[in-house]
Amino acid sequence: MTKSQYPRARKRFGQNFLHDEGVVESILAAISPEKGQHLVEIGPGRAALTKPLLSHCDWLDVIELDRDLVPLLQKQLRHPHLTIHEADALRFDYRSLQKNDELLRIIGNLPYNITTPLLFHLLEQGDCIEDMCFMLQREVVERICAQPGNKQYGRLSIMIQHQCDAELLFIVPPEAFEPAPKVESAIIYLQPRKHRVGGSVDLDIMGKVVTAAFSQRRKTIANTLKNMVTIEDFERVGIDPAQRPETVSVSAFVALTKAYIEKQ
């Protein structure tokens with residue numbers, strides 16, 4: 001099926017279709033899919049990655065929101081172990097795809113406008129996921145992977161790194177897509193942790209603590225969290241109250257959250 005037979009990219013879905021075969025090969029090499037594995041692709045688009053994936057794995061589920069693309073994908077992709085779901089990835093129950101309790105490997109070229117909520121939705125179901133490999137906006141990938149002391153380190157870095165190992169694999173230029181986005185993209189590899197950094201903690205409460213800490217980045221963490229924890233709490237968990245939030249480690253934020261919970 002040619003490009004002209006597909007509907008145009010829709011801005012409201014944040015669609016930018018991958019067409020660079022070299023990038024597709026690099027993604028496949030990064031994923032290294034094997035027979036016996038269960039893969040899930042979010043946003044197959046024009047099937048640039050879907051078709052080669054089918055020759056490398058035993059089970060593939062794809063999730064596509066665009067109802068005009070779904071019948072074209074069904075016509076183009078005929079495989080006994082392929083299932084196409086017309087669904088919203090933000091609301092999809094990924095645990096429902098498990099067969100015999102195997103873990104899912106999830107991949108996709110994610111629309112920039114839903115990246116953050118989708119990542120958190122997936123991590124809520126992290127117990128059924130082996131790993132994830134996504135194409136995201138480069139800036140977002142760099143924020144996720146940023147370390148303490150980096151200006152890009154913030155809430156997204158902390159919440160994702162608490163739950164996952166995260167690695168930026170390689171950069172993808174705008175010309176690899178149609179239409180070409182105005183920004184660079186990057187491939188990120190995420191693997192849910194069996195043991196979370198700093199130990200388990202209520203994620204909603206941790207999110208509130210981290211959000212409050214970064215509400216005024218130029219202020220010290222003692223100032224931004226003065227209504228949530230005390231100077232004694234900072235000292236007890238080994239944080240200098242004069243530190244700025246972007247210098248505080250993930251495990252230290254977990255410890256602060258636990259101190260806040262104890263006070264409630």
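Arg-105 is buried, with a relative accessible area of 9%; buried means under 20% relative accessible area, exposed over 50% and partly exposed in between, with a 1.4 Å probe and protein chains only. The residue belongs to strand β5 (residues 104–109). This is a predicted model, in which local features need pLDDT of at least 70 and side-chain atom pairs count only at pLDDT 80 or more, whereas totals for chains, interfaces and linings use all residues. Residues are numbered from 1 along each chain as its sequence is written, and side-chain values use heavy atoms, with hydrogens and water left out.

**Surroundings of Arg-105**
- A polar atom of the Arg-105 side chain lies 2.8 Å from the backbone oxygen of Ile-31.
- Beyond residues up to four places away in sequence, Arg-105 touches Ile-31, Ser-32, Pro-33, Gln-37, His-38, Leu-39, Val-40, Glu-130 and Asp-131; contact means heavy atoms within 4.5 Å.

**Overall architecture**
- The protein has ten helices and nine strands; helices (H or I, at least four residues) and strands (E, at least two) are DSSP runs, numbered from the N terminus.
- For 264 residues, a compact globule would have a radius of gyration near 18 Å, and the value of 20 Å for the protein agrees with this; the radius is taken over C-alpha atoms, and the globule rule is 2.2 Å times the number of residues to the power 0.38.
- The C-alpha trace spans about 65 × 45 × 30 Å along the principal axes of the protein.
- Of contacts between residues at least 6 apart in sequence, 66% join residues at least 24 apart.

**Surface, burial and charge**
- Of the 264 residues, 49% are buried.
- The accessible surface of the protein comes to about 13,100 Å², and carbon and sulfur atoms account for 47% of that surface; the areas come from the Shrake-Rupley method with a 1.4 Å probe.
- There are 32 positive and 34 negative side chains, and the centres of the two sets lie 6 Å apart.
- Lys and Arg count as positive and Asp and Glu as negative, while His and the chain ends are not counted; each charge is placed at NZ of Lys, CZ of Arg, CG of Asp or CD of Glu.

**Helix α4 and Ala-89**
- Seven of the nine residues of helix α4 (residues 115–123) are buried, so the helix is largely enclosed by the rest of the structure.
- The buried residues of α4 are Thr-115, Leu-118, Leu-119, Phe-120, His-121, Leu-122 and Leu-123.
- Ala-89 lies in the loop between β4 (82–86) and β5, and counts as buried at 7% relative accessibility.
- Apart from neighbours within four places in sequence, Ala-89 is in contact with Ile-42, Ile-63, Tyr-94, Leu-118 and His-121.
- Ala-89 and Glu-178 are 89 residues apart in sequence, and their C-alpha atoms are 22 Å apart in space.

- Gln-137 is part of strand β6 (residues 129–137) and, at 19% relative accessibility, counts as buried.
- Leaving out residues up to four places away in sequence, Gln-137 touches Tyr-112, Val-183, Glu-184, Ser-185 and Ala-186.
- Ala-146 sits in the loop between α5 (138–145) and α6 (155–163), where a relative accessibility of 4% makes Ala-146 count as buried.
- With residues up to four places away in sequence set aside, Ala-146 touches Gln-152, Tyr-153, Ser-157 and Gln-161.
- Ala-146 and Ile-158, twelve residues apart in sequence, are 8.9 Å apart in space from C-alpha to C-alpha.

Notes:
Polar contact = N/O pair within 3.5 Å; in protein donor to acceptor, adjacent residues only side chain to side chain.
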